[in-house]
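Notebook open, model loaded. I'm jotting down what I looked up, in the order I got to it.

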Amino acid sequence: MPQQQRAIRTRQVILSAAAKVFEERGYTAARLGEIIERANVTKGAVYFHFQSKAELALAVMDEQRRFVPPSAPRPSPLQDTIDLTHRVARDLQENVVLRAAVRLVIEQGSFTMPNPSAYLMWVRSLRGLLDAARENGDLRPEVDLDDVADLVVGALTGIQLMDQVLTGRSLFTLKITNLWRYLLPGLTTPERLAALRPEGSLPAEP
């Protein structure tokens with residue numbers, strides 16, 4: 001394996017191991033020694049890629065960007081907005097890196113100055129879909145897109161935190177469905193509402 005590819009693979013192995021430890025223990029209780037042991041690499045390999053535990057945590061947080069789908073024209077941008085929130089719920093249940101990133105975003109004041117970039121990234125993604133929904137005639141004219149994007153990201157953050165404590169996020173998808181069931185009548189017209197699926201329209205996983 002070429003050296004560059006080996007370095008990329010080693011970095012990813014370290015990130016994956018770090019995500020598991022951060023997700024289980026949080027930033028403060030996580031130990032670099034345990035991350036090194038789980039990654040099955042040397043201490044030197046970790047410090048070659050990351051100068052500190054804080055830098056490693058920031059790299060895990062940055063992995064959230066991989067879970068934001070690229071924007072593309074679709075027949076129903078408002079349904080796409082709903083589906084994006086359900087995709088996040090699915091990914092949180094299935095992907096430890098995203099779960100760790102979300103936990104670290106919440107805990108980041110313990111190892112770095114609070115950075116709003118993760119929240120702003122999700123707000124921008126939703127705002128782009130809502131812009132398309134407005135152009136498509138899906139939204140009532142009085143709806144403020146910035147307010148809706150902020151509200152949905154804030155609601156998702158709170159719902160996943162509460163559901164993690166109560167059910168290990170096993171009801172996260174159901175609670176997102178309920179969120180949209182109550183939000184949509186205020187966002188769109190009765191005619192458009194009839195065609196929307198608050199439970200999402202993502203294909204079932206095999």
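This is a predicted model: local features need pLDDT of at least 70, side-chain atom pairs count only at pLDDT 80 or more; totals for chains, interfaces and linings use all residues.

Started at aspartate 146: I get a relative accessible area of 45%, so it goes down as partly exposed. Residues are numbered from 1 along each chain as its sequence is written, and side-chain values use heavy atoms, with hydrogens and water left out.

**Partners of aspartate 146**

Which side chain meets aspartate 146 in a salt bridge? I found arginine 127, at 2.3 Å from N to O. My salt bridge rule wants a side-chain nitrogen of Lys or Arg within 4 Å of a carboxyl oxygen of Asp or Glu. Arginine 127 sits in helix 7 and aspartate 146 in helix 8 (residues 145–167), so this pair ties together parts 19 residues apart in sequence. Helices here are DSSP runs of H or I with at least four residues, strands are E runs of at least two, and both are numbered from the N terminus. Arginine 127 is partly exposed too, with a relative accessible area of 26%.

I also checked arginine 124, which is in helix 7 (residues 117–135). Arginine 124 has 54% relative accessibility, so I logged it as exposed.

**Other salt bridges**

A reminder to myself: side chains of opposite charge can pair when their charged atoms come close. I count 10 salt bridges in the structure.

Next up was lysine 175 with aspartate 163, a salt bridge at 2.9 Å from N to O. That one links distant parts of the chain, 12 residues apart: lysine 175 is in helix 9 (residues 172–187) and aspartate 163 in helix 8. Is aspartate 163 buried or exposed? It comes out at 0% relative accessibility, so it is buried. Lysine 175 has a relative accessible area of 22% and is therefore partly exposed.

Then I looked up arginine 38 and glutamate 24, whose closest N and O atoms are 2.7 Å apart in their salt bridge. Arginine 38 belongs to helix 2 (residues 32–39) and glutamate 24 to helix 1, so the pair ties together parts 14 residues apart in sequence. Both ends got an accessibility check: arginine 38 is at 36%, so partly exposed, and glutamate 24 is at 44%, so partly exposed as well.

**Rings**

How many aromatic pairs are there? I got one. The rings of phenylalanine 22 and tyrosine 27 have centres 5.9 Å apart and planes at 20°, so I call the pair stacked. The rule takes rings of Phe, Tyr and Trp (its six-membered ring) with centres within 6.5 Å; planes under 30 degrees apart are stacked, over 60 edge-to-face, and the rest tilted. Phenylalanine 22 and tyrosine 27 are both buried.

Lysine 53 turned up over the face of tyrosine 27, at 4.3 Å from the ring centre. That label needs NZ of Lys or CZ of Arg within 6 Å of the ring centre and within 35 degrees of the ring normal.

**Threonine 10**

I find threonine 10 in helix 1 (residues 3–29). Its relative accessibility is 19%, so it counts as buried. Leaving out residues up to four places away in sequence, threonine 10 touches Val41, Ala45 and His49; contact means heavy atoms within 4.5 Å.

**Whole chain**

Last, the overall numbers. The protein chain has 10 helices and zero strands. Its C-alpha atoms fill a box of roughly 60 × 40 × 35 Å along the principal axes. Of the 206 residues, 43% count as buried. Among contacts with a separation of 6 or more, 68% come from residues 24 or more positions apart. I have the accessible surface at about 11200 Å², 55% of it belonging to carbon and sulfur atoms; the areas are from the Shrake-Rupley method with a 1.4 Å probe, and for residues only the protein chains shown count as cover.

Technical notes: Buried means under 20% relative accessible area, exposed over 50%, partly exposed in between (1.4 Å probe, protein chains only).
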